[in-house]
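Reader: I'm new to this one, and I'd like to learn how to read its contacts. Could you walk me through them?
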2 protein chains.
Amino acid sequence: MAFKPHSVKGFLLDITGVLYNSSPEGGEAIKGSIEAIARLYRESTLRFVSNESTSTPAKLHAKLTRLGFTLKQEHLFTPAPVAADYIKRNGLRPHLLIHKGVLECFSDCDTTNPNCVVVGDAEDDFTYENMNKAFRVLMESERPLLISLGCGRFYQRVTGPCMDLGGFAIALKYATGCEHIVLGKPDESYFMAAINDMGLSKEEVVMVGDDIVSDIGGAQSHGIRAIQVKTGKWRPEWEKHYVNPDFIADNLQHAVETVLDAK
Amino acid sequence: MAFKPHSVKGFLLDITGVLYNSSPEGGEAIKGSIEAIARLYRESTLRFVSNESTSTPAKLHAKLTRLGFTLKQEHLFTPAPVAADYIKRNGLRPHLLIHKGVLECFSDCDTTNPNCVVVGDAEDDFTYENMNKAFRVLMESERPLLISLGCGRFYQRVTGPCMDLGGFAIALKYATGCEHIVLGKPDESYFMAAINDMGLSKEEVVMVGDDIVSDIGGAQSHGIRAIQVKTGKWRPEWEKHYVNPDFIADNLQHAVETVLDAK
């Protein structure tokens with residue numbers, strides 16, 4: 001294969017569908033992932049690059065710890081804090097259509113007389129009424145701006161696949177013709193923040209994810225190699241997907257062994 | 001102007017935003033429209049080409065009559081009966097995410113073990129749970145097919161603009177990668193059904209609508225002239241829209257006078 005695992009010095013890991021499968025009750029670790037993370041902390045370097053938009057990094061860290069993982073909270077990259085930072089730097093006033101779990105990330109933002117909309121994975125709060133509220137903020141803005149926390153198509157729960165926020169963001173864009181900024185994967189600056197944090201270059205790392213478009217295609221479009229895992233939202237028809245992963249692994253453990261055992 | 005009103009022999013009229021403005025209570029006739037329709041019935045020929053997907057033609061006719069209009073029910077073209085016919089002709093089994101008001105149009109359709117999704121203007125039934133149900137039908141289909149009753153961006157209610165079904169259809173397409181068929185404006189066959197029913201050619205008619213993309217751009221893309229009215233969802237910034245109407249009228253009455261008084 002063209003993939004040269006011995007040149008990998010660091011890992012970018014998606015979380016949901018790679019470390020664990022989510023469920024309304026919290027989810028369960030994917031077999032072998034706890035051991036794989038422990039091995040990566042011993043033998044390599046890693047950052048978690050997630051589009052998780054229902055939890056703050058602190059809550060996500062607590063959840064992963066509860067599921068049995070040992071990892072450092074400062075290694076978790078999620079879109080909500082990045083978006084809150086973007087909003088403050090640009091003097092924006094957001095209308096928030098996001099999950100209650102990340103509201104606190106935006107507690108410093110001025111939400112009076114909003115001039116942009118932030119869409120996260122609002123789940124059951126994606127009602128027609130709430131979509132219309134966000135729609136009207138955009139329609140009333142002189143330069144309507146939509147910021148989405150990633151733009152995922154769907155994610156896998158233990159109970160089955162669920163629509164991710166991407167469709168709802170695209171719906172608002174379609175209805176209003178607004179400008180749309182994605183903060184999260186597959187945005188290049190999002191991958192680069194994690195890579196820079198490891199002190200590595202993008203040629204030295206590999207992204208491991210379950211989403212062939214956002215994780216694999218996203219990473220590759222910026223020159224980052226990517227391993228697709230057959231867990232989480234993986235679908236067999238992706239064997240023929242137009243995105244061609246550098247390697248397809250059965251799961252995270254297989255991906256980690258493939259790289260580390262090649263050295 | 002390049003628009004030659006004396007060559008117009010028949011009218012295609014959008015309904016919502018042209019004849020009346022809708023509201024949760026039923027709406028109100030737009031000033032001058034009742035008289036304009038009466039004059040068209042006396043002096044020309046006309047059909048109503050609507051993307052209305054919350055009422056059957058019978059209920060829509062009753063509503064317009066209640067608002068003061070005199071018109072023939074058989075002159076009303078709406079997407080729901082067209083979609084039901086398409087579904088039966090193609091042996092499809094629909095999952096319905098539509099407004100309760102048009103459910104009866106699909107009463108003859110087999111909805112067991114669905115192999116396609118029909119999206120109409122479900123309004124408050126566009127919940128996350130219902131979007132996910134439709135999403136899962138598409139994800140489980142071998143050749144996922146989405147049929148939408150038009151693909152409107154938004155419509156104007158007395159209380160303000162509201163998201164139309166288009167965004168929700170596009171959301172499902174984005175999340176699933178399904179095939180998407182639009183039955184309604186701006187589909188050519190939909191315009192042609194009404195034009196053929198008048199016994200005219202498309203060069204002999206003019207479309208009058210308030211939606212610059214679906215009504216005006218849609219008609220023009222099939223070689224049908226189109227008058228934009230400054231009622232309903234009209235927005236001043238459309239003066240600079242990439243779609244260039246053949247004529248912009250203050251309202252339906254002005255459009256009708258412009259054509260009929262030119263003769």
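Author: Let's begin with a term: a salt bridge is a side-chain nitrogen of Lys or Arg within 4 Å of a carboxyl oxygen of Asp or Glu. By this rule the count over all chains comes to 32. Keep in mind that the model is predicted, so local features need pLDDT of at least 70 and side-chain atom pairs count only at pLDDT 80 or more, while totals for chains, interfaces and linings use all residues. Residues are numbered from 1 along each chain as its sequence is written, chains are lettered from A and ligands numbered from 1 in the order in which they are written, and side-chain values use heavy atoms, with hydrogens and water left out.

Reader: Which residue forms a salt bridge with Glu43(A)?
Author: That's Arg39(A), with the closest N and O atoms 2.9 Å apart. Both sit in helix H1 (residues 33-43) of chain A, four residues apart, about one turn of the helix. Helices here are DSSP runs (H or I, at least four residues), strands are runs of E (at least two), and both are numbered from the N terminus.

Reader: Are Glu43(A) and Arg39(A) buried or exposed?
Author: The scale first: buried means under 20% relative accessible area, exposed over 50%, and partly exposed in between (1.4 Å probe, protein chains only). Glu43(A) is partly exposed at 44%, whereas Arg39(A) is buried at 18%.

Reader: How far apart are the centres of the two domains of chain A?
Author: Domain bounds come from an automatic or database domain assignment. For chain A it gives domain 1 (10-35 + 57-67 + 186-261) and domain 2 (79-182). Their C-alpha centres lie 24 Å apart. In contact (heavy atoms within 4.5 Å) are 16 residues from domain 1 of chain A and twelve from domain 2 of chain A. Across this interface there is one salt bridge: the side chains of Lys59(A) and Glu104(A) meet at 3.5 Å, N to O.

Reader: How do I read the area of an interface?
Author: The size of an interface is often given as the accessible area lost when the parts come together. Here, buried area is what two parts lose on being put together, summed over both (1.4 Å probe). Between domain 1 and domain 2 of chain A it is about 1,200 Å², with carbon and sulfur atoms giving 64%.

Reader: How much do chain B and chain A bury between them?
Author: About 2,700 Å², 64% of it on carbon and sulfur atoms. In chain B, Tyr128(B), Met163(B) and Tyr174(B) lose the most area to chain A, together 33% of what that side buries. The contact takes 30 residues from chain B and 29 from chain A.

Reader: How many salt bridges cross the interface of chain B and chain A?
Author: The rule finds zero there.
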